[in-house]
Amino acid sequence: MSRVAQRFALLREKGEKALITYVVAGDPDLETSRSLLHALAEAGVDMVELGLPFSDPLADGPTIQAGSQRALAAGANTDTVLAMLRQAREEGIDLPVLLMTYYNLLVRPGVENFCARAREAGADGLIVPDVPMEEADELLAATRAVGLDLVQLVAPTSTDDRVRRAAELASGFIYCVSLTGVTGARSSLPPQLSEFVGRVKGCTDKPVAVGFGVSTPEQVREVAAVADGVIVGSAIVGLCGEGLPRDELVRRVRTFAAQLKEATRLPQRAEARKDA
């Protein structure tokens, strides 16, 4: 059982849903990114998406695009990010880490080579939004060969047949993109989200996590009521772009992540913690 699967199993036993947070690796610099991994773990985050900075992140909105540009300007690249992750593992970070990346960054060094290096550095899985299922054979083979989970994405426009196929291929969890668009904080969630998640869960028994547009504890609580996991990215990346001193940024991210995590606990679980 992968580290991702183990975490979802543990959360089911505890009556909690997974909080998955996204940070751009190297934003605003690699040392701060490593400190943020520790802060997120201390806040109780269940998994981290570590975004490899890329010049044309087509699934991402302005906030994460800006984070990628800051990371690239600071000198982050695949080699330095993997070295940073390896160091964080050596320092005791044991929560699941998924690399969120684009196919160019895998093709250039070779897909098998990339997957082997990512696994050796301590990654648990990949999220590659620009590889459709019909063209994923090489990537599926490479990830399975080294024991990396490969998360599959589905959207509100995905047919039931396509959702079932994604569920067959996915390992780790199914990523439900909450809306047709790019990442970024929204003031409200799509009204059809509950129906969409229910449709996906009706096609698979694998964990289902929802991302894109989730940015507040209230929205996390809303999503956690219907899904197995909640993904928050732009709200955290936005903090990284405020130019805060490192210690202040780390403190604010830790506090915010703890608030988000508290919102993933089912009501009866939260009451039990309050009474303890």
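Predicted model: local features only at pLDDT ≥ 70, side-chain atom pairs only at ≥ 80, totals over all residues.
I started at Pro28, which sits in the loop between β1 and α2 (30-42). Helices (H or I, at least four residues) and strands (E, at least two) are DSSP runs here, numbered from the N terminus. The peptide bond joining Asp27 and Pro28 is cis, with omega about 0°.

Residues are numbered from 1 along each chain as its sequence is written, and side-chain values use heavy atoms, with hydrogens and water left out.

**β1**

I looked up Thr21, found in strand β1 (residues 18-24). Is Thr21 buried or exposed? Thr21 counts as buried because its relative accessibility is 0%; buried means under 20% relative accessible area, exposed over 50%, partly exposed in between (1.4 Å probe, protein chains only). Leaving aside neighbours within four places in sequence, I find Thr21 in contact with Leu40, Val45, Met47, Val48, Glu49, Val232 and Ile236. Contact means heavy atoms within 4.5 Å.

What pairs with β6? Strand β5 (residues 149-154) runs parallel to β6, joined by three bridges; I count two strands as paired if DSSP finds at least two bridges between them. Val154 has Cys176 as its bridge partner in β6. Strand β7 (residues 208-211) also pairs with β6 in the parallel sense, over four bridges, and there Tyr175 is partnered by Ala209.

I also noted that β5, helix α8 (residues 160-169) and β6 form a right-handed β-α-β unit. Right-handed means that, with the strands pointing away from the viewer, the path from the first strand over the helix to the second runs clockwise.

**α6 against α7**

Helix α6 (residues 111-121) packs on helix α7 (residues 137-146) at about 35°, axes 9 Å apart. From α6, the contact uses Val111, Glu112, Cys115, Ala116 and Arg119; from α7, Glu138, Leu139, Ala142, Thr143 and Val146. The axes are lines fitted to C-alpha atoms over the stretch in contact, with angles from 0 to 180 degrees between N-to-C directions.

**Cysteines**

Cys115 is buried, because its relative accessibility is 0%. I put Cys240 down as buried too, with a relative accessible area of 6%. My search of the whole structure for disulfides (cysteine sulfur atoms within 2.5 Å) found zero.
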